[in-house]
Amino acid sequence: MSIRAWSLLLVLCGTIFLEGIDVAMLAVAVPTIRADLGLGTGTAAWVMSAYVLGYAGFTLLGGRAADLLGRRRMFLGWLAVFLVFSGLGGLAEEGWTLIVARFVTGVAAAFMTPAALSIITTSYAEGPQRNQALLVFAGTAAGGFSLGLVIGGLLTQLGWRWVFFAPVLLAAAILAAALRLVPKEPRPAPAKGGFDLGGALTAAGAMLLLAYGVVRLEHGFEGWQVTAAAVAAGLVLAGALVAVERRTARPLVRLGILRKASLIRADLGALLFVGSFFGFQFMATLYLQELRGWSSLQTALALLVMGIDAVLAPTLTPRLVARFGNAKVILGGFVLAVGSYALFLPVGPDWSYAAMFPTLLLTGLAFALAYGPLTIAGTEGIAEEEQGLASGLLTTATQFGSAVGIAAVTAVYGISGGGLDGFRAALVVPLAMVALGAVVTATGLRARPAGPVEPAADLPDPATRVTA
């Protein structure tokens, strides 16, 4: 690729790195924030959940907005919103202010991330060049989260507000570079019959309710009526969305794209794999900090080995994909993860780090094999004018996966009575999720490569590609 193409990729990867590091740093800092601001347990939990709710609730809408309103416009505009509200979070003196700031930051990420991903898939030619770009993007996402754990531990020592101010500085640098490097695109053609407001409102309502129901799963049977009501209402709105989109001349979500088996398989696989990964990482953190008494910085350094995927994803994985194809590499990642989590099931109260190391290393390797190729599989063969929608569907799947994984292990841990027995019981959740994902992935091994989904009529022209 040319220097300009690499520079653009670096900027877009900076965005996903920003999103990953932001989440990881806050996860480390929450106990300190709670103590400093005198927050209750419920309020502290919502500091994390508000971001997930905003992100998962609006990602589908954000992805389609990039197609209809302009990828560059959505990327730059919501990156600026992310910057502003991250800064407001650092200035918060009350719990509710922090929760609002995190919710809006999550909404900003929901529009910004699919826009960045769709800029990649429309700026780099489908095939080896796009695959390389997507694998670098995926590796950067993992690296941001892994490094964020360590950086968050260090910044929290200086003061928890730096956990919010550091992303502001990074976002400002990315925004300045993006203004020069992100290619301009033809102005989207006006929608015949206007924007699908009904679809937008129904989609946002359904995703918000479902995300809220998923977040509440961590409470187990406590308040189950509220959880069930939220999920039921979300499903009703999802059904209403289907009805609305069938009758709309220019739907927000063209239902025909959901008939593409490879896309659905990739999105479901991403949901299960990411859910298992975050569920396992959450329980590993709980084991080290609460059961072993390790500090947040010690825990972050111990888990840093899982960040090996940031190195392997852009180097080893492209060679494996070129030789064996996406489906086989993805399946290899799932099978490796099954073995990795299974190794941790008999964990004891005084395991040495050497005993944990194989699982942590294999988990990072599994992520390197599966996540990037899943991103490729979820966006290839899709018409350029619907790449935002495909990116939104994929990002929605990963966000719901992470929320489901963390909520499910938390619920099982609580129901099982906590302690080492509860930890072992909760570990079955990520193992089951990744095993199911392996079955889903295996069904695509003999599938024939499908051509691009036929786009709806009167969609805007594709964005200009960067030169290789």
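**Close-up 1. Helix α8 and the neighbour it packs against.** Helix α8 covers residues 224–247, and its 24 residues reach 35 Å from the first C-alpha to the last, close to the 34 Å expected at 1.5 Å a residue. That expected span is 1.5 Å times one less than the number of residues in the helix. Helices are DSSP runs (H or I, at least four residues) numbered from the N terminus. Everything here comes from a predicted model, in which local features need pLDDT of at least 70 and side-chain atom pairs count only at pLDDT 80 or more, while totals for chains, interfaces and linings use all residues. Residues are numbered from 1 along each chain as its sequence is written, and side-chain values use heavy atoms, with hydrogens and water left out. Which residues of α8 are buried? They are T227, A230, G234, L241 and E245, where buried means under 20% relative accessible area, exposed means over 50%, and partly exposed lies in between (1.4 Å probe, protein chains only). These buried residues pack against α7; contact here means heavy atoms within 4.5 Å.

**Close-up 2. Where helices α12 and α13 cross.** The axes of α12 (residues 316–324) and α13 (residues 326–344) come within 7 Å and cross at roughly 125°. Axes are lines fitted to C-alpha atoms, for helices over the stretch in contact, and angles run from 0 to 180 degrees between N-to-C directions. The two helices, α12 and α13, are therefore oblique to each other (under 35 degrees counts as roughly parallel, over 145 as roughly antiparallel, 65 to 115 as roughly perpendicular, and the rest as oblique). From α12, the contact uses T317, L320, V321 and F324, and from α13 it uses N326, K328 and V329.

**Close-up 3. L343 in helix α13.** L343 is found in α13 and is partly exposed, with a relative accessible area of 43%. Not counting residues up to four places away in sequence, L343 touches W351, T359 and L362.

**Close-up 4. F75 and the largest nonpolar core.** This core has 111 residues, and those with the most contacts inside it are F75 and F273. A nonpolar core is a set of buried Ala, Val, Leu, Ile, Met, Phe, Trp, Tyr and Cys residues joined through side-chain atoms within 4.5 Å. Helix α9 (residues 261–291) gives the most to this core, with 13 residues. Leaving aside neighbours within four places in sequence, F75 is in contact with residues including L12, M112, I119 and V182. Apart from this core lies another, of 16 residues, among them I21, M25, I33 and W160.

**Close-up 5. V107 in helix α4.** V107 lies in α4 (residues 95–123). Is V107 buried or exposed? At 10% relative accessibility, V107 counts as buried. Beyond its neighbours within four places in sequence, V107 is in contact with G54, Y55, F58 and W78.

**Close-up 6. Helix α15 and the glycine after it.** Helix α15 (residues 387–415) has 29 residues and reaches 42 Å from its first C-alpha to its last, close to the 42 Å expected. It is mostly covered, with 22 of its 29 residues buried. G417 follows α15 and has a positive phi, near 90°.
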